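Have the sequence and the model open as you read.

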Amino acid sequence: MSAALVVVATAETFPASRPARGKTPLGPVRGPGRPLALGRSARVRLRAAVRALLDLDGLRGVVDAVRLAVLVLASRTPSESGVVEIRTSELARWLGLSVSYVASVVVPALRRSGVVSVETAPGEYGQADGLKCRVLPLWAAQDVAGHPLNLAKKEYATLLRLMEAVMGPGWAHRDGSVTPAGLIGTRTGRGAATDRLALLLLVLEARETGRVRQCGGTVHTKRGRAAATVARLLGCTTSAGERVLERLEDRKLVLRVRLKTGSGLANRSRLMVPAVAAAHGRTVGDDVQEDRAEALEPEFSDPDVAAGPSEVPDVTTEPQVSGVSVTDVADVAEPDVAAALHTDHPHLGTPVVPHQLSCGFSGEGRGGEGRRPERVRVREDQAVDGEDAAAESASPGVEGGPLRGEKPKKSPVDERVGQRVAGAGAGGRPKAVGWDKAQQQRRVGLPARPALQVALGPVAGLWVRLSGWQQDQVQAAAEAEIKRLEGLLERADTAPRVLADRLTDRLAETGGEALIATPYGWLIRRGLVQRQACTDPRCDDGIRLDTRAECEMCGNVVHLRRARRAKIAAQIDRELPGLGERERRRVLEARLREQVAIEAEALAWRQEQARVEQARRDAARAAARERAERERQEAAAAEAVRQALPCEDCGRGQAAGLCEACDHRRQTETLIGEAALLAAAGSADLTDPGSIAAVTAQVRTAIGGGIAAAWQEFLQITDVAALEADPQAERDAYAFTAFDTARQAVQEFQTTTLEMLGRTEEAEAEARRAYKTEQNRPWFQHNPNGADAVAAATKKAEAARERTAEQLLAMRLEQLREQAAARTEPAAAAPWADRLPELAARSLDGEAAGTVCA
């Protein structure tokens, strides 16, 4: 994109306020509505305060979210008390992060830093919901003359308004009004805190024109001076600064505007913050003007290698972020520039800069053969991806050229340039192409699964260099590793973060993505692989995966090895005291190797024994499974045989030995007998068999009447005709009704009997003793007749009465059962000759009748 197009897009995105027709603004308009329109003194004052906070010793090595949290708390600090009260959720909205991350990472880091004192108030579920914070250096610098943190009340207000304009999350008020979010207030998620901090620092560095002074000195030629400036502001690497700058450019919050030389080639770039320029009533184009005559626009894109220094610097005195005086002119080339530039020669000297091309070879501009050029400026106006322009600009005699009759085609350099321009992304940055068909199917972004985005985030630069097939393999390997880590860690949701930390450590160990020549091999064989240094499966390079602390097992291994070495050395000193140092070391190493061989042999033996034991266990498990399956099959066969048995009472087929109606009939008889025993235990004379028989008869009569009444109620609510049509269903329904009525009668008789036994003399005596005992408790002795004492004693007395009644009932039931067992003698089973006539008189069911007829 040319500088003119960039200026137009910026003016549309950040429209500046225009003065009334016929009037010219005298200067920037400042006020409550324009928090970004800071004067030079206010900007320098706030920038010094922010840098002083970020340079504190307690914030060294912490994440950007903690550093930004300190700035947020400082901006919200009341000048009178210095104490900030804020909720964790509100602080998370300011940082663009989740509440759980702020509560578990940011707040503890603030406590550990010693920069902020934090007091928490628990929420509804015990979490740290409310925060009461004080930025200690800010409070200690009050009334200290000349200190950068000695801010006045109006400066606190200005800083807060600036923070709201840059990163305010936005609020909906009770009156219905809405405060919109700041410039980057909608940026949330991974890297949000870093982007917000970077934009705030760039706003403080920007002048009224929106231009940011870039750092001086030598910078990375492939990253550019703008990326180095952002990196120095954040205190990170240049590659990380470039990624932050690209994210801000994608949101159109900053711009890298390319100037032009008189010949039309791209020259140095400027880093602009359009919002600052718009707040001061300007556009970005007001400060992006070329100082030389305009040349014709070239039809080809900028190459991708930077040019060397070519101008005499104009040194300024305004301090820069690096702390050294720098120049407005980039001494080292920008990342988007790729060819030697036509320079303006200064008055005092003419530095000679040799003409260089993209790879620095003298024959590259002439094609693959390195032949001499036909004439000056041939094909200089040729478009990269267009063949017509080249045909029009070149003369007919040059089209073939000497020695070209055999292979009239474009040079490899032109083809590579065309590929580079075709593969360029947004902003005109070229991208790597090639890799044949597999590379054409690759995905630029990380997989959509959130866990993979977190895990592969540190190697996003390597991901885009993979082919489509390689990306699939890396994704599968990452998913498998995440699944394996979920089984090792206490919290399965931390597995992606653990894998991301591993990749970050591996990158730091390698030296960065730029030193990785084969991304696929590095990711598969080094980055994603756990390097277990001991027998603990949670060990990775001597670090525990679950706690991120040093592995205790590795420490034990090192301790044992050192102890073994010391022991062998002591043995050598005792056995061979006259050895020299060199000979002693040789003997020590030999014995250590011998000991290692013995341990390796023992380990191999143990492994073999473990394999044999594992095979034995596997065989035992297989035998157990076969035995269980055989027993299950036998049980299933026995159950099938049992289900096929007829009913013992009525002879109904397929009744598993007893049909439902007969089962209910048997249970009803048992319940009636139990009810009779309960009634006799409460009201009959246990020494008089006649009294017991009378009570039993009354109970049977009462339950029989209840069964009849319940059956009549059932007939009133059911379809009698359908019931009479199915005699077996009628019998089943009647049997269940009788069973349910008898069960309810047992419960009623038990309750009545317990009430009667609770009024006996034994129960009354036990209740009185419990009452007196509770009244004589030490805590009731001062007022035994008080309301509390009487209530507690009454409760204890009722509990004692119930226990006595239950004990008396159990004793009486046991006595009745013994008497019944003594009167009842075992009856011999009736022979089949006597039972067959009775069974023959019964009507057969439908299935049996069909079998007989057949």
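Which residues in the largest nonpolar core touch the most other members? They are Leu95, Leu110, Val116, Leu162, Leu202 and Leu248, in a core of 74 residues. A nonpolar core is a set of buried Ala, Val, Leu, Ile, Met, Phe, Trp, Tyr and Cys residues joined through side-chain atoms within 4.5 Å. Apart from it lies another core, of 27 residues, including Ala679, Ile707, Phe739 and Ala805.

This is a predicted model: local features need pLDDT of at least 70, side-chain atom pairs count only at pLDDT 80 or more, and totals for chains, interfaces and linings use all residues. Residues are numbered from 1 along each chain as its sequence is written, and side-chain values use heavy atoms, with hydrogens and water left out.

Take Leu110. Beyond its neighbours within four places in sequence, Leu110 is in contact (heavy atoms within 4.5 Å) with Val66, Ala69, Val70, Leu73, Val115, Val116 and Val118.

Now the glutamines. Gln214 sits in the loop between β6 (211–212) and α9 (225–234). Helices (H or I, at least four residues) and strands (E, at least two) are DSSP runs, numbered from the N terminus. Gln214 counts as buried because its relative accessibility is 10%; buried means under 20% relative accessible area, with a 1.4 Å probe and protein chains only.

Gln142 is placed in the loop between α6 (136–140) and α7 (153–167). Setting aside neighbours within four places in sequence, Gln142 is in contact with Leu149, Asn150, Leu151 and Tyr156.

Each glutamine side chain has a backbone partner:

| Side chain (polar atom) | Backbone atom | Distance |
|---|---|---|
| Gln214 | nitrogen of Ala226 | 3.1 Å |
| Gln142 | oxygen of Leu138 | 3.0 Å |

Note on methods
Buried < 20%, exposed > 50% of the residue type's maximum accessible area, 1.4 Å probe, protein only. Polar contact = N/O pair within 3.5 Å; in protein donor to acceptor, adjacent residues only side chain to side chain.
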